[in-house]
Amino acid sequence: MQDQAPMEDLARWAAAGDSAALDRLLAEIRPEVVRRCGRFLPCREDAEEAAQDVLLQVARYITAFQGRSRFGTWLYTVVANCCRQKYRELKRRAAEQPATIEPAYAVDPRTTSVIAGSRVDLLEALDRLERTHPHLVAPLVYRDICQLDYAEVAERVGIPLGTLKSRLHEARKQVRPWLAGS
């Protein structure tokens, strides 16, 4: 194995059972995984927890990567699924044990990140969309959050390009009013 092996090669070698390649792959993707999780989850600690879940899933299921699509595309799927699962877990935990916030620790809305709020709103909108139109979630996540190109999204979701564009249009139409209120 070369010192500067491309990530695609590392992924293929790891999928074939090369544990050294898997170790290198996990080390190389970690910063990118944390960054991608941060695009979904507003709190850094939550994003880092989700990133650990992603790395664990990659290590556990790398043999499922067959190289039919790019490794990055496969990784986006794992990131999106783990982040959405982490969000659901946090939401469920908050509903089960509502925390009382001491006045000294209350969040000052003037210093709270607009981005953080919009990410939570987006996750909530994705959750609502999944309940009403589950087939629209993956195209929206891959295209608008993960920023994959249309052809790659269509391939990943397994639908024709025209169908993908139609689903994206419908997903955006469904989500827009939910996000406009935030």
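Predicted model: local features only at pLDDT ≥ 70, side-chain atom pairs only at ≥ 80, totals over all residues.
Residues are numbered from 1 along each chain as its sequence is written, and side-chain values use heavy atoms, with hydrogens and water left out.

**Overall make-up**

The chain holds eight helices and zero strands; helices (H or I, at least four residues) and strands (E, at least two) are DSSP runs, numbered from the N terminus. Of its 182 residues, 37% count as buried, where buried means under 20% relative accessible area, exposed over 50% and partly exposed in between (1.4 Å probe, protein chains only). Among contacts (heavy atoms within 4.5 Å) with a separation of 6 or more, 60% join residues 24 or more positions apart.

**A helix pair and a buried residue**

The axes of α7 (residues 150-157) and α8 (residues 161-180) come within 9 Å and cross at roughly 95 degrees. Axes are lines fitted to C-alpha atoms, for helices over the stretch in contact, and angles run from 0 to 180 degrees between N-to-C directions. The two helices are therefore roughly perpendicular (65 to 115 degrees; under 35 is roughly parallel, over 145 roughly antiparallel, the rest oblique). On the α7 side the contact is made by Y150, A151, V153 and A154, and on the α8 side by L161, L164, K165, L168 and R172.

D46 sits in helix α3 (residues 44-61). Its relative accessibility is 18%, so D46 counts as buried. Beyond its neighbours within four places in sequence, D46 is in contact with L41, K86 and L90.

On a 1 Å grid over the protein atoms alone, a cavity is a set of points where a 1.4 Å probe fits but cannot get out; a pocket is an open set with protein on both sides within 12 Å along at least five of seven lines, and lining residues have an atom within 4 Å of a point. Grid points are joined across faces, edges and corners, and a volume is the space filled by probe spheres set on the points.

| Space | Volume | Lining residues |
|---|---|---|
| Largest pocket | About 180 Å³ | A64, F65, Q66, G67, R68, S69, W74, E155, R156 |
| Largest cavity | About 30 Å³ | R36, R39, F40, Y76, V79, I145, C146 |

Helix α2 (19-40) gives the largest share of the cavity lining, three residues.
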